[in-house]
Amino acid sequence: MSFLEVKNIDVFYDDVQVIFDLSLTVREGEVVSIIGGNGAGKSTLLRTLSGLMQAASGEILFEGRGIQAAPPEEIVERGIVHVPEGRRLFTLMTVRDNLEVGAYNRRAAPHLHRTLEEVYTLLPRLAERQAQIAMTLSGGEQQMVAIGRGLMAKPKLLLLDEPSLGLAPILIKSIFETVRKIADQGTTVLLVEQDVHHSLSLSDRGYVLEHGRIVMEGPAGELLADPHIKSAYLGI
Amino acid sequence: MIYMIEDTINGILMGSIYGLTALGLTIIFGVLKVINFAHGSLLMVGMYAAYWAVALTGLHPYLTLVLVVPVMFVFGYYLQDIVIQPIFRAEKNVREPITVIIVTTGVWYILDNLTLLVFGPHYRTIQVNPLRGRMLEIGGLMISVPKLWGFVSAMVAAAAVYVFLQRTRMGRAIRATSLDRDAASLMGINPYKVYNVAFGIGTATAGIAAVTLVPFYNVFPTVGVLFDIKGFIIVVLGGLGSIGGAILGGIIIGLIESVGPQFMTATWTEAIVYGLFLLVLFVKPAGLFGVKYDW
Ligand SMILES: Nc1ncnc2c1ncn2[C@@H]1O[C@H](COP(=O)(O)OP(=O)(O)O)[C@@H](O)[C@H]1O
Ligand SMILES: [Mg+2]
């Protein structure tokens, strides 16, 4: 039994198909990257996994059970937590309130205070900023809140959509270090990125998504050394 | 001079009750992003509920709160759940679906006409009414006791809603949904359930307003319309979605209505109210106080 198993899904926006017959698996404890350029369908894939969108056909199994028809709140309760592209913080709420909302689901709610301490330990900056309104934080801090809010939901599988987007190089490094730490603490991570070098460097395996199809997959090290990836994504 | 002070005080008292009637409108708008055109009708339903509770039990009007508030909460909760929610689901990708506004207008017509059918067009006033015409005299100033109670109710209700939204798990979920529905979903919040709760709270506050009005106001099937129009003006003045703004906006309207006639005829005060409304819409659409959401 796989942890996450996506089987032959097709996804549409109205009548425009953006994901074609896509299959992938994630094993428990892995860090898996999905790389691909702008418009490849990465965010759509994550939105489908978290239930914001529904696949027109195919199956999504999590811990052996089909979730392709479940609403987002049920999927969160099962343990898949999606940190969306562009952070999507509750802008007019404080950092602390954002984090507490993260622990809304029934599985996470009883552990709120304990998880909050863990998140503050992992991201000490958030403890300093806890009373601040989320909107007034810097981009890097906002990304930290987005990740921290995701962790508050006690994910078994964390879906991260381009956490490095729009950040300065030094912050990108620290975001990826944080992702590594989260994985080391035992959370399975599915990471969507355009920053191919950083994301594959910390992943076990990777998939390459182009025009809504998986065109390549394999161990992260092999992908990093692949000539197609070197020329198309790493500019070497 | 003494009249001036009296009018000012009465304006503030009555205005806070107007604010209370608008409180639910602003809460529902803040979360669902649609104007609830049935709000005045919900107030009317609450007034009939309070009227009949007093008529049948002989209780002090304010004691009917223990009955009217939960009944109105449940009524609002299921009204949204059964009647309005399907429209939201059908228009999932629209942030502010206009069809929902049309449905609330339908609810307004149905409630008003159903009430007319069942209870007839008569004006009703409660008979058992320890508050009727009661006045408080403070240093020569005459202050209406039922309106003073209304003022206290408005302040307590607004503060209670505010604290609920700030401090409780459901309150935070409501605020989160109001700020970003999809992101709230991703946090495990069922937005449709939040809509039910918000609608229930909005309707319950209309119930509180109804109880405060019944001791000095006639009950009849279209009584809500009057408060509807004031309610819309108030929430625009105060800033759509703002709790403090609703109360302050109500007080402004109350003051114009009560102090205005000292200087001009009543029709002019109405013109001023509408003029202020249009001015705010044109010049400062976020409301006089500029805070769109204070929660
Ligand atoms: N809300 C939407 N409605 C219609 N088409 C969309 C929508 N969002 C994304 N798309 C289209 O779907 C495709 C995949 O987009 P997306 O999943 O956001 O790609 P990525 O995250 O890889 O950049 C793109 O062609 C994009 O234009
Ligand atoms: Mg994307």
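Colleague: Which residues of α3(A) are buried?

Modeller: This is a predicted model. Helix α3 spans residues 95–102 of chain A and is mostly covered, with seven of its eight residues buried. They are V95(A), D97(A), N98(A), L99(A), E100(A), V101(A) and G102(A).

Colleague: Which helices do the buried residues of α3(A) pack against?

Modeller: Both chains take part. Chain B supplies α5 (145–167) and α6 (169–179). From chain A come α4 (112–122), α5 (124–128) and α6 (139–152).

Colleague: Now E73(A). How far away is the nearest side chain of opposite charge?

Modeller: E73(A) lies in helix α2 of chain A, residues 72–78. It is buried and has no salt bridge. A salt bridge needs a nitrogen of Lys or Arg within 4 Å of a carboxyl oxygen. The nearest side chain of opposite charge is R89(B), at 6.2 Å.

Colleague: Which residues does E73(A) touch, leaving out those up to four places away in sequence?

Modeller: The contacts listed are in chain B. They are S185(B), G188(B), I189(B), N190(B) and P191(B).

Colleague: At what angle do α2(B) and α3(B) pack?

Modeller: Helix α2(B) covers residues 39–57, and α3(B) covers 65–90. Their axes are 10 Å apart. The crossing is right-handed. The angle is about 145°.

Methods
Residues numbered from 1 in each chain as written. Chains lettered and ligands numbered in written order. Predicted model: local features only at pLDDT ≥ 70, side-chain atom pairs only at ≥ 80, totals over all residues. Heavy atoms only, no water. Axes fitted to C-alpha atoms, helices over the stretch in contact; angles between N-to-C directions. Helix = DSSP H or I, 4+ residues; strand = E, 2+ residues; numbered from the N terminus. Left-handed = near helix turned anticlockwise from the far one by under 90°. Buried < 20%, exposed > 50% of the residue type's maximum accessible area, 1.4 Å probe, protein only. Lys, Arg positive; Asp, Glu negative; His and termini not counted. Contact = heavy atoms within 4.5 Å.
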